[in-house]
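Here's a quick look at one model, starting from a strand pairing and ending at a metal site. Have the sequence handy as you read.

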Amino acid sequence: MTTAGNTTTVPDRQATADPLQLIDVDHVRFYVGNAKQAAYFYAQCFGFRVDQVADLTTGERETASYLLTQGNIRILLTTGLQHDHPAQRHVQLYGDGVKDVALNVFDAEKAYERALSNGGNSAYEPVEYKDEHGTVVMAGIQTYGEVIHSFVSRHGEYHLPKVKQGGVFMPRFRKYEQFALNDYNEKNPCGLKYFDHCVGNVELGKMNEWVEWYENVLEFKLFKHFDDKDISTEYSALMSKVMSSGNHLVKMPINEPAEGKKKSQIQEFLDWHNHTPGVQHIAFRTDDELHSVAELRRRGVDFLQIPDSYYDIVWQRVEKTLKEHGHDSVREDHDRIRDLGILVDADDEGYLLQLFTKPLQDRPTLFFEIICRRGSQSFGKGNFKALFEALELEQEKRGNL
Ligand code: FE2
């Protein structure tokens, strides 16, 4: 183990029989071209609190990182301060995007060793960040493309429950004081609670390879609710399988392009992502889809536009499924759902409300999803047809169809 900070000591280890038992999504790190400006964008549009920073003023010489928080969501926006920093290269190749889906575990080093012995490749060896308040240990493995999963274990004042209560994220971070939007966001919440799922796009023919990788290396399971047969419709220009951690804490769907009448949205992503797999979207959970979408729209978030014709048939389809399985009707106001352009889907367990943003940067790559579950644990497969139509419209505008 190498040490960044003061001296190396053995951190207090919590005992667990399973080194790959995941406690939480520790954070998701984006590599961006200008973290200071990106922080403002995500605070303004999505209501994140710009909570902490690690930069030149805190002794960080190579990167500047901003910790954005909302509910149990932690996003790190990192930019390289030197021309040859890996974050700069990453941005050059892929634009702004997700580098690391970091997982909180009891013992990062043990989780890392287990993943390696399961056939994973190292992204970086265990590093300990330590100061008088506590210790954070991180170690990384590579997944599809250049995306990594860091394992993060925390000790002392850096324990995740303390971070959630407003404690400092890790050594070299400080609270970001006097950011005017933080007060505004507290008074005007967007209601995003936690990461629901995080989707990766991989090349044609590679989906099953990555499904096996999640099974073998991270010991995930195929999530029973969803497999490729479910979404094989005439409009299916993608294949998808959902991988889930043992405790269903983390769901990582994997998409690959499929032959369609027109260019797959997955292929468009790959074309603009330097022909390299990467994270296509992150879904944030809300308890109140209508409130969240209304507030996000008010703040200027650009959502996919759902064709009016969608609402001509959606209620019949959704209510029929709910009735068949003995569930109550959709309780949200139908007219408001239509006015806000929200998508609805139902399955044997209930229904869900969801909506997708347009790409968050100029390249048609990463976007967000806002999702609210009322029993349903699936991903909105009934919306694929309507969604493809909406997406094709956007692709056409970009000259990518
Ligand atoms: Fe999704």
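## From the sheet edge to the iron

K221 has S244 as its bridge partner in β13. This is a predicted model, where local features need pLDDT of at least 70, side-chain atom pairs count only at pLDDT 80 or more, and totals for chains, interfaces and linings use all residues. Residues are numbered from 1 along each chain as its sequence is written, and side-chain values use heavy atoms, with hydrogens and water left out.

β12 and β13 (residues 238-244) run antiparallel, joined by 2 bridges. Strands here are DSSP E runs of at least two residues, helices are H or I runs of at least four, both numbered from the N terminus; two strands pair if DSSP finds at least two bridges between them.

Zooming out, the open sheet has 8 strands with mixed pairing, in the order β12-β13-β14-β11-β15-β18-β17-β16. β12 (221-222) and β16 (343-347) each have a single partner strand, so one side of each lacks a neighbour in the sheet.

Now the metal. The iron ion is coordinated at 2.0 to 2.2 Å by H197, H281 and E369 (donors are N, O and S atoms within 2.8 Å of the metal, or 3.2 Å for Na, K and Ca; water is not among the atoms, so sites may look incomplete). Along the chain, the donors of the iron ion are spaced H-x83-H-x87-E. H197 in strand β11 and E369 in strand β18 are 172 residues apart.

| Residue | Relative accessibility |
|---|---|
| H197 | 3%, buried |
| E369 | 1%, buried |

Methods
Buried < 20%, exposed > 50% of the residue type's maximum accessible area, 1.4 Å probe, protein only.
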